[in-house]
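Subject: Structure handover

Hello,

Please find the structure below, with notes on what was found in it.

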Amino acid sequence: MEKLAIAKALTAGMRKAMDDDAKVVLMGEDIGPLGGVFRVTEGLQKDFGPDRVIDTPLAESGIVGTAIGLSLRGYRPVVEIQFDGFVFPAYDQIVTQLAKMANRSMGTVKVPVVLRIPYGGGLGSPEHHSESPEALFSHVAGLRIISPSNANDAYWMIQQAIQDDDPVIVFEPKRRYWAKGDVDLEQPPCDMHAARVVKPGSDVTLLAYGPLVQTSLDAAAAAEQDGVNIEVLDLRSLSPLDMPTIAESVKRTGRLVITHEAPVFSGLGGEIAARVTEQCFYHLEAPVLRVGGFHLPYPPSRLEDHYLPDLDRILDGVDRAMAY
């Protein structure tokens with residue numbers, strides 16, 4: 001067991017993957033001597049050389065296109081998109097090529113590409129640095145989408161993503177990068193596509209992923225003082241969804257509040273709410289509620305505290321669910 005920050009758990013996970021498989025290569029802007037803007041690749045070029053940790057030009061479409069080509073030649077590229085809002089120049093490569101090649105070839109072609117995207121707000125960054133575009137990519141068939149919320153998951157899920165023969169997008173909660181936690185270096189917690197109950201409860205299920213899992217745990221601790229017992233569910237996998245675990249929790253509590261930083265309008269919470277309504281209708285004591293970002297472009301940094309779901313807004317959602 002070792003205590004690591006999420007950023008350093010990702011570094012350790014990629015180091016382990018590179019030690020285990022010489023075909024694993026890293027690509028991205030400033031990931032070499034600088035170690036990336038968040039230092040997630042710090043030290044890896046020094047240890048594995050510039051042929052395996054490759055500093056690229058500022059050209060996201062070219063980076064992803066090159067990674068696709070490398071994967072067709074037997075490599076396992078891991079691409080760092082420097083900030084969430086920078087991924088859109090590569091959207092065509094991801095949606096038109098990366099997501100479709102396995103299906104187009106009836107499974108004979110494997111494209112084991114991992115895209116790492118630091119996402120979400122809370123850092124006071126300028127425009128294009130605080131996006132939550134996970135719903136855009138979850139909508140695209142052929143992509144696997146995951147988001148670790150703690151150091152142990154970061155260490156293991158990045159390795160599981162690299163070992164996967166399908167393309168995987170890892171949305172990394174960048175405002176939690178320096179949150180430390182215990183990492184079990186011997187035993188993975190579970191499959192990367194399994195959701196997990198991180199705090200059992202009986203009154204309402206609070207579903208979150210990535211940066212809002214800790215906020216949800218804080219909300220659960222605050223609600224206990226008012227006698228409300230919240231079950232916190234860490235989704236972990238955004239596509240595919242672990243519906244059996246979600247449904248089991250909702251049938252136990254009878255209420256569900258979904259929270260994410262991305263806008264509620266056409267967000268991932270809407271898909272989950274529809275499925276829970278279909279599968280758990282006779283167990284629900286209240287409608288499924290969502291607490292998320294507003295249907296606005298991400299605001300200037302001085303206003304982001306009003307945009308991001310915080311403890312008070314999440315507790316308000318819980319109160320509304322409990323009022324039925």
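Buried means under 20% relative accessible area, exposed over 50%, and partly exposed in between, with a 1.4 Å probe and protein chains only. Aspartate 153 belongs to helix H7. Leaving out residues up to four places away in sequence, aspartate 153 touches Pro148, Ile158, Pro189, Arg196, Asp234 and Arg236; contact means heavy atoms within 4.5 Å.

Some notes on the source. This is a predicted model, in which local features need pLDDT of at least 70 and side-chain atom pairs count only at pLDDT 80 or more, while totals for chains, interfaces and linings use all residues. Residues are numbered from 1 along each chain as its sequence is written, and side-chain values use heavy atoms, with hydrogens and water left out.

The first sheet

Helices (H or I, at least four residues) and strands (E, at least two) are DSSP runs, numbered from the N terminus. Two strands pair if DSSP finds at least two bridges between them. Seven strands make up an open sheet with mixed pairing, in the order S3-S2-S4-S5-S7-S6-S12. Strand S3 (53–55) and strand S12 (237–239) are at the edges with a single partner strand each, so one side of each has no neighbour in the sheet. On average, neighbouring strands of this sheet are turned by 20° against each other, direction ignored. For the angles here, axes are lines fitted to C-alpha atoms, for helices over the stretch in contact, and angles run from 0 to 180 degrees between N-to-C directions.

Helix H7 (residues 151–163) packs on this sheet and touches strand S2 (24–28), strand S4 (76–80), strand S5 (114–119), S6 and S7. The direction of H7 makes about 145° with that of S5.

How many residues of S7 are buried? Six of the six are, so S7 is largely enclosed by the rest of the structure. Val168, Val170 and Glu172 point one way from S7, and Ile169, Phe171 and Pro173 point the other way. Strand S6 (residues 144–146) runs parallel to S7 (residues 168–173), and three bridges join them. Arginine 144 has valine 168 as its bridge partner in S7, and isoleucine 146 stands opposite valine 170. S5 and S7 also pair in the parallel sense, over six bridges; there, valine 114 stands opposite valine 168.

Leucine 44 and the annotated region

Leucine 44 lies in helix H2 (residues 44–48). Is leucine 44 buried or exposed? It counts as buried, because its relative accessibility is 0%. Apart from neighbours within four places in sequence, leucine 44 is in contact with Thr11, Met14, Arg15, Leu26, Gly49 and Val53. Proline 33 is 11 residues away from leucine 44 along the chain, and their C-alpha atoms are 8.6 Å apart.

An unreviewed UniProt entry carries the annotation "domain: Transketolase-like pyrimidine-binding" for residues 4–179. UniProt positions are given in the numbering used here, feature names are shortened, and annotations may be inferred rather than shown by experiment. Over residues 4–179 the chain is 36% helix and 17% strand, with its end C-alpha atoms 8 Å apart.

Five strands form another open sheet, with mixed pairing and the order S9-S11-S10-S13-S14. Strand S9 (196–199) and strand S14 (289–293) are the edge strands; each has a single partner strand, so one side of each is left without a neighbour in the sheet. Here neighbouring strands are turned by 30° against each other on average, direction ignored. Strand S10 (residues 204–208) and S13 run parallel and are joined by three bridges. Leucine 206 has valine 257 as its bridge partner in S13.

Two helices lie across strands of this sheet. Helix H9 (residues 243–253) lies across S9, S10, strand S11 (230–234) and S13, at about 175° to S11. Helix H12 (residues 311–322) lies across S10, S11, S13 and S14, at about 165° to S14.

Regards
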